[in-house]
Amino acid sequence: MFALNGRDLKLVLGTVPFWFDQAPVWPDADYAWVWDADMYLRCGAGGCLFNLTADPSETTDLARTRPDDLARLRAMLDRHLRARCVPW
């Protein structure tokens, strides 16, 4: 799992256990958009994108509606990982 914040946006890649409190509505609100039966956020290799300013509880995945921002943050993460990888 990787997460990267870029200003107001947060990119999440991979599978994340979604166990933390999203007060004030958790656990009574419907989080079907994010939880599977095992309570995981499954963003996969494509990624999930959230606007932390407009949506601090991360209830709306913007990956499909903001593909340019998704690509920009993925490129940032790729550059970061390449800069820190030690060749074998």
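1. The protein chain has one helix and three strands, running β-β-β-α from the N terminus. Helices (H or I, at least four residues) and strands (E, at least two) are DSSP runs, numbered from the N terminus.

2. This is a predicted model, in which local features need pLDDT of at least 70, side-chain atom pairs count only at pLDDT 80 or more, and totals for chains, interfaces and linings use all residues. Residues are numbered from 1 along each chain as its sequence is written, and side-chain values use heavy atoms, with hydrogens and water left out.

3. Mean pLDDT (the predictor's confidence in each residue, from 0 to 100) is 78 for the protein chain, with 66% of residues at 70 or more. Where pLDDT is low, the predicted coordinates should not be read in detail.

4. Of the 88 residues, 32% count as buried (under 20% relative accessible area; exposed is over 50%, partly exposed in between; 1.4 Å probe, protein chains only).

5. In helix α1 (residues 67-84), D69, L70, L73 and L77 are buried. Seen down the axis of α1, these fall within an arc of 105 degrees, so they line one face of the helix; the arc is that of the directions from the helix axis to the C-beta atoms. D68, R82 and A83 are exposed on the other side.

Conventions. Expected span 1.5 Å × (residues − 1).
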